[in-house]
Every structure is written in C-alpha cells, then in structure tokens.
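Student: Could you show me how to read some features of a protein model? I would like to start with the rings and then go on to a helix and the strands.

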Amino acid sequence: MNKRLNNIEECYSCGLFIEKDYKTNLVQRCPRCNSKLPVDKELSYDSLYYAISAILLFIILNIYPIITLDIAEKELKTTLIGAVLTLIEQGFLLIGLVVFFTILFAPILNSFIIIFVYLQQKLNLNIVSKPMLYDSFYFFKHWGFIEVFIISIIVTYIKLIGMVSTTKFDIGFYVMLIYILCFYLSNKKFNAKNILGD
C-alpha cells in the first residue's frame, strides 16, 4: 500500500491526485489543469560540491578585505567579520548580532547541513533525524541574507564615491560574488524533499 502511495503526486495548482509514470523521462502534466508535475530527481552530488566550495570561499572571504576607503590620507579596510566587530564596538550590539546571525552564522550552517546530510547518507549513519535536518536546512536557508549584504555594500560604494578620495572594491568583494553563486547553487541543487523525505 505504501509503495502505491509513493507513486501518487498532488497537483500543486488544482489539488488533483495523479499516479506518476516513472517509465518516461518526459515532463508529466496534470490532466485537469495542464500544470507541470514536480520532477523527482536522483540524488545529485552537485549540491555537496557547491556547499564545500561555498565554505572554502567563505574562509577566503574573511581573510581579504571587501572594500577599501581612503579618508584624509588614511586607508581603511574591512572584512566581513570586521564589519560585525565594528558594529559591536560602536555600541550597536543588537544590530551586530543580527548581522552576525544572518550574514555569517546562518549561511555557514546551511552549507554544513548540506554536507552533513550527504555524509550521514553515504556512511549510513543516523546521528540527527531527517525531520530535524529538514527543518534546520529550511530555517537557515531562509535566515541567510548574504545577498542583501552585498547589495548594501554596492549602495554604500556608490554613495561614498564623491565623499572620500578613493573607494575601491577589494579582492574580498569578488570572492563574495563567487561565494554567493556557490551558496545559491548548493541550495538550488539540494532537493531536500527527496533526500530527507516529507
């Protein structure tokens, strides 16, 4: 009975229950509303590779400065962690903690969860339950705002062009762009529903 229920898919648009045909590679459509049915993909290691790349790039990102400012012949450089520490030093503890959680902590834990899921599955371990991993993956995925941070850096750069003598993006900024791409692709390729179950 359970095997037969695994072949049933609910149409996202109209709610019709449809038996999926696994013998074909063609896109299947709902007979009632003609919407595409979701495709169950095989376990792909692309997500794992992107997650590992994202963590390595994140380490590099925190070594090199993101932006360099030249104010009154004094050169100021900042890294990702440096920006958080500066906020805390200036008395903005709550904002600093929010930035730390959304820019540093959540994205890194999201990547570690993807890696941990693959390791746990490959080694046939059951250290953390699948529902816990599933919930943690989506929690940290939705709380990671690294892309918002990079937009704020670009806006800051544009506003500071006329105010300081020299403003330039450093190597950390370009590493951050590649990091965001790897982070996005690791989440996009990770099919949590198939790997961790409903």
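Tutor: Let's go through aromatic pairs, a helix residue and strand pairing in turn. Keep in mind that this is a predicted model.

Student: How many aromatic pairs does the structure hold?

Tutor: There are 18 aromatic pairs in the structure. One of them joins W143 and F145, with 6.2 Å centre to centre and 70° between the planes.

Student: How do I read that angle?

Tutor: Planes over 60 degrees apart count as edge-to-face. The W143 and F145 pair, at 70°, is edge-to-face.

Student: Let's turn to N187. Is N187 buried or exposed?

Tutor: N187, found in helix α7 (residues 171-189), has a relative accessible area of 7%, so it is buried. Beyond its neighbours within four places in sequence, N187 is in contact with N110, I114, F137 and K141.

Student: Which strands pair with β3?

Tutor: Strand β3 (residues 67-71) pairs with β4 (residues 74-78) in the antiparallel sense over 5 bridges; there, I71 has K74 as its bridge partner. β3 also pairs with β5 (residues 166-169), in the antiparallel sense over 4 bridges, and in β5 the bridge partner of L69 is T167.

Definitions and conventions:
Residues numbered from 1 in each chain as written. Predicted model: local features only at pLDDT ≥ 70, side-chain atom pairs only at ≥ 80, totals over all residues. Heavy atoms only, no water. Phe/Tyr/Trp six-rings, centres within 6.5 Å; stacked < 30°, edge-to-face > 60°. Helix = DSSP H or I, 4+ residues; strand = E, 2+ residues; numbered from the N terminus. Buried < 20%, exposed > 50% of the residue type's maximum accessible area, 1.4 Å probe, protein only. Contact = heavy atoms within 4.5 Å. Pairing = 2+ DSSP bridges.
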